[in-house]
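Work through the exercises below with the structure at hand. Try each task before reading its solution.

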Amino acid sequence: MFSTELLVQTLIAGVMIGVLYALMALGITFIYSIVKMINWAMGEFYMIGSFAQYLLVVFLLGRDLWWIAVPLSALSVFLIGAALEPILIKPMFRQALERKDEYATVVTIALLLLLRNLATGIAGPNQFTPGSNLGVVMLGPLPVTGARFAAFLCTLAALALFYVLLKRTWWGLALRAAAQSRVGAQTSGVDILRLDQIAFGVGVGLAGLAGALLAPEFQVYPTNGVVTTVKGFEIIVIGGLGSIPGALIAGVMLGVVESLGAAFIASPYQNVYGFLLVLAVLLIKPTGLFGERVRQA
Amino acid sequence: MKPFTRALGSIAVIALAGLTGSAQAADDTIKIGLEIPLSPPGDPAAGQLIRRGADLAVEYVNTVMKGVNGGKKIELVVQDSQGKTDVGVAAYRKLATEDKVIGVTGFFHSSVNIAVNEVAKEIGVPTLATQTSAADITAKRYEPAFRTHAIDPIRVETFLEFTKKMGYKRVSLVAETTDYGIGISEEMEKQNKETKAGLEIQKITFDHAATDLTAQLLQVKAFKPDLVINIGVGAPVDLIIDQATTVGLLPTTPMIVSYDAPERPQFWKLHEKNGVGIYFIAYYSPKQKLSDIGEWMAKAYKEKYGETAIYSSLNGFGDVMILAQAADMAKSTDPKAIIKALEAGTFKTWADAPVTFPDAPGVYYHNWSPPILVLHYTKPNEDWQTAEIVMEHVGGKH
């Protein structure tokens, strides 16, 4: 049934969820930009972030200090990623591997399975939540949990901070140089392998941040990263691999399309509308809306 | 050379003896297959709970009963269905053809059970559904298919009786697009028509893997129902409760959860603020009498896990016990003999009621159902054992 109120509510809901998914997509696209590989285990780093948030809030800080737990959770995921990178990813560049893409796929899928099963073994079958003391917020006609609204604002802040760091700091310059040309950056004296480590850590840290922010909303359990990972990949295909503004805009597009489709066409096919958008974009612009064709030597 | 050859020969003989010994040991064990969801997108919480009961049944048979069929111990062979039909079918094949189990039990997801039964029809190893309720599981009248759970028609009879008792006229069904969710929705519409219940029904469906149901629940809110029936399984149950609270549906609009998920210890951890007022289906209450083996199980469960056993564990226990009893009656591990024993015999389970699998019409074929209760949480952190029993429905008109 159509009504203007329902339309506005659905649009707002779609924008909010899209921005939240974009954080995941940003992590995927950032790692790809620098390390030139797809990390298929991003959902598991999201999951680790959500568990970290749960443990910090429930056992240490309490619900009122959730805002301290969030950066700590993201930092912990960054450190885990930075520790894993030299073991799993660096061999890709250190050794003369012929098939780097296949290697990256195999290694990250193996990591996905390891982390997921480890979490299932440790956490068991139950779902958890850090809970939230934030009350419901009215965004126009749409009631939204305080936790989701806070997550939305934090995501926007994180995206803005990320953009500033990339544009205004030396590390950001080095990362952008590596994204343009690894060889060129290396020739300029940048420690490219150290940069990979940082980039991988930052990328998975963004996924961990998304997990920490969404923990009160989508609950905490070993496979809670699966759907957000799929959304993340949809977004980078729509927005363009390697494009940061593309990730945000595509995230909003995906959120709105799925929301409107579920509300006004047929709700069981909510996920299908997103894939239809992906197909449409691939037909019109295969590199994504903001992506560019690249040549690799 | 000679000493070496002699030594080699001795080693070969010892090895062969060892192998033979192992084979003999394997023959002394009766294997029962347990196919449960242990990872998503299945409901691993349910799978673990069923497994707890099944493990206790193995302990009971091996230690208290001292084995079956002439003192043979039973052994569980566990497979993870992941809640997916293809994985479930592969798991059943392995259990039936490689592990040579006498029967496969533990099913929680109707989609998986239905798919497996299509293969069971050919392979012939019986399936005993623990907690699947779609009609097709037994309505197709496949000889190897059995069930000890509430079926959709009886569940829907309960919903209709509940709406009549409470005077509800407008009902929203929020159902996942699985055999379970669609089955209940369609049965609800069918019985509403046949019984002339006169309900105005809104049917909203969603993908089981969805994480955001705001759009769907806004539609439900716009419909202004008297009752929302939550037909999700696993994480979606909790998602619907939380997101319905956010959009303003709960607590003003009553909600009934279609199975006993709110009995799980995690329920109040997830819904400490919005769990009050929830109605839910249950198949067991401590106010019901247990059989002697049920009493043993309840005590052993409490000692081992520090919690009261809930239906999933009780029925997991009961189903392994039934298969063990069938093997004892049949004096054989041949699947055909097990099926005959299941059809002809009367079995003990956790409930203080005998279990039989009659050759009854339609969905009641090879089916035993416990009575269905509607429980109601009226205060925060309420123990399900003391929850208000709103009604009890005993179905099965055959």
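**Exercise 1.** Determine how helix 6 and helix 7 of chain A are oriented to each other, and which residues meet between them.

*Solution.* Step 1: in this predicted model, helix 6 covers residues 146–168 of chain A and helix 7 covers residues 170–180. Step 2: their axes are 5 Å apart and the packing angle is about 80 degrees. Step 3: angles from 65 to 115 degrees count as roughly perpendicular, so helix 6 and helix 7 of chain A are roughly perpendicular to each other. Step 4: helix 6 brings A:Leu165, A:Leu166, A:Lys167 and A:Arg168 to the contact, and helix 7 brings A:Gly172, A:Leu175 and A:Arg176. Step 5: sorted by class, this contact of the two helices has 3 nonpolar, 1 polar and 3 charged residues.

**Exercise 2.** Classify the crossing of helix 1 and helix 11 of chain A by angle and by hand.

*Solution.* Step 1: helix 1 spans residues 4–35 and helix 11 spans residues 244–264 of chain A; their axes come within 6 Å and cross at roughly 140 degrees. Step 2: only angles over 145 degrees count as roughly antiparallel, and 65 to 115 as roughly perpendicular, so helix 1 is oblique to helix 11 in chain A. Step 3: the crossing of helix 1 and helix 11 is right-handed. Step 4: 19 nonpolar, 7 polar and 1 charged residues take part in the contact of helix 1 with helix 11.

**Exercise 3.** Describe the elements and the overall dimensions of chain A.

*Solution.* Step 1: chain A holds 12 helices and 2 strands. Step 2: read from the N terminus, the order is α-α-α-α-α-β-β-α-α-α-α-α-α-α. Step 3: for 297 residues the globule rule gives 19 Å, and the radius of gyration of chain A is 19 Å, so chain A is as compact as a globular protein of that length. Step 4: the C-alpha atoms of chain A fill a box of roughly 60 × 50 × 35 Å along the principal axes.

**Exercise 4.** Find the place of B:Pro251 and of B:Asn69, and state the backbone feature of each.

*Solution.* Step 1: B:Pro251 is in the loop between helix 9 and strand 9 of chain B. Step 2: a cis peptide bond joins B:Leu250 to B:Pro251, with omega about 5 degrees. Step 3: B:Asn69 sits in the loop between helix 2 and strand 2 of chain B. Step 4: B:Asn69 is not a glycine, yet its phi is positive, about 55 degrees.

**Exercise 5.** Describe the side of chain A that touches chain B.

*Solution.* Step 1: 31 residues of chain A are in contact with 29 residues of chain B. Step 2: helix 1, strand 2, helix 10, helix 11 and helix 12 of chain A each supply at least two residues of this side. Step 3: helix 1 of chain A gives the most, with 5 residues. Step 4: by class, this side of chain A has 16 nonpolar, 15 polar and no charged residues. Step 5: the predictor gives the complex an ipTM of 0.79 and a pTM of 0.78.

Terms used. Residues are numbered from 1 along each chain as its sequence is written. Chains are lettered from A and ligands numbered from 1 in the order in which they are written. This is a predicted model: local features need pLDDT of at least 70, side-chain atom pairs count only at pLDDT 80 or more; totals for chains, interfaces and linings use all residues. Axes are lines fitted to C-alpha atoms, for helices over the stretch in contact, and angles run from 0 to 180 degrees between N-to-C directions. Helices (H or I, at least four residues) and strands (E, at least two) are DSSP runs, numbered from the N terminus. Angles under 35 degrees count as roughly parallel, over 145 as roughly antiparallel, 65 to 115 as roughly perpendicular and the rest as oblique. A crossing is left-handed if the near helix is turned anticlockwise from the far one by less than a right angle, and right-handed if clockwise. Ala, Val, Leu, Ile, Met, Phe, Trp, Tyr, Cys and Pro count as nonpolar, Asp, Glu, Lys and Arg as charged, and the others, Gly among them, as polar. Two residues are in contact if their C-beta atoms, placed from the backbone, lie within 7 Å. The radius of gyration is taken over C-alpha atoms; the globule rule is 2.2 Å times the number of residues to the power 0.38.
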